[in-house]
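I opened the model to look up ring contacts, the core, the pocket and a few loop residues. My notes follow in the order I took them.

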Amino acid sequence: VQLQASGGGLVQAGGSLRLSCAASGTSFPIFGMGWYRQAPGKQRDLVATKTRAGSTNYADSVKGRFTISRDNAKNTVYLQMNSLKPEDMAVYYCNAQIRGQDYWGQGTQVTVSS
């Protein structure tokens with residue numbers, strides 16, 4: 001299974017970015033897909049997840065600013081990030097849960113300038 005993430009970059013505070021992550025190499029349904037982030041010197045934390053059935057979970061710090069969506073037919077998950085803050089700056093990792101196993105993408109850098 002491979003997860004290919006894209007969409008990171010440099011944005012000014014208050015701006016927006018949209019991340020995408022496509023999973024390939026599996027014929028099994030993907031239960032959960034989501035995004036985690038890791039800032040330098042910190043642990044990797046949950047940002048948002050969405051199950052195949054549509055249930056979502058967000059970190060409190062991004063509620064109201066970030067929106068996760070997914071296209072089950074394309075095995076793709078998106079993260080629309082609005083009103084970005086400097087504290088959102090991190091490497092964002094895509095995650096997929098398939099048959100009880102976690103798979104990770106390579107990470108995409110999000111840099112927010114103040």
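I count a charge as sitting over a ring if NZ of Lys or CZ of Arg is within 6 Å of the ring centre and within 35 degrees of the ring normal. The model is predicted, so I take local features only at pLDDT of at least 70 and side-chain atom pairs only at pLDDT 80 or more, while totals for chains, interfaces and linings use all residues. Residues are numbered from 1 along each chain as its sequence is written, and side-chain values use heavy atoms, with hydrogens and water left out.

**Charges over rings.** I looked up R18 and found it over the face of Y78, 4.2 Å from the ring centre. I then checked R44. Its charged end sits over the ring of Y93, at 3.6 Å from the centre.

**Aromatic pair.** How many aromatic pairs does the structure hold? I find one. For a pair, the ring centres of Phe, Tyr and Trp (its six-membered ring) must lie within 6.5 Å; planes under 30 degrees apart are stacked, over 60 edge-to-face, the rest tilted. Y36 is in strand β4 and W104 in strand β10 (residues 101-104), so the pair ties together parts 68 residues apart in sequence. Strands here are DSSP runs (E, at least two residues), numbered from the N terminus.

Are the two partners buried or exposed? I use under 20% relative accessible area for buried, over 50% for exposed, and partly exposed in between (1.4 Å probe, protein chains only). Y36 is buried at 17%. W104 is partly exposed at 37%.

**Core.** A nonpolar core is a set of buried Ala, Val, Leu, Ile, Met, Phe, Trp, Tyr and Cys residues joined through side-chain atoms within 4.5 Å. The largest one has 28 residues, and W35, V47, F66, L79, M81 and Y92 touch the most other members. Several strands supply at least two core residues each, among them β1 (2-6), β3 (17-24) and β11 (108-113). β9 gives the largest share, five residues.

Contact means heavy atoms within 4.5 Å. Leaving aside neighbours within four places in sequence, L79 is in contact with residues including L17, W35, V47, F66 and Y92.

**Pocket.** I ran the grid at 1 Å over the protein atoms alone: a pocket is an open set of points where a 1.4 Å probe fits, with protein on both sides within 12 Å along at least five of seven lines, and lining residues have an atom within 4 Å of a point. Volume is the space filled by probe spheres set on the points. The largest pocket comes to about 160 Å³. It has 13 lining residues, and R37, A39, K42, D45 and E87 are the closest to its centre. β5 gives the most to the lining, three residues.

**Loop residues.** G8 lies in the loop between β1 and β2 (9-12). G8 is partly exposed at 33%. Its C-alpha atom is 9.8 Å from that of A90, 82 residues away along the chain.

Which residues have a positive phi although they are not glycine? I noted N75, at about 50°, and R99, at about 50°. N75 lies in the loop between β7 and β8 and is buried at 16%. Beyond neighbours within four places in sequence, N75 is in contact with C21, A22, A23, T26, I30 and M33. R99 lies in the loop between β9 and β10 and is exposed at 65%.

Definitions and conventions. Helices (H or I, at least four residues) and strands (E, at least two) are DSSP runs, numbered from the N terminus.
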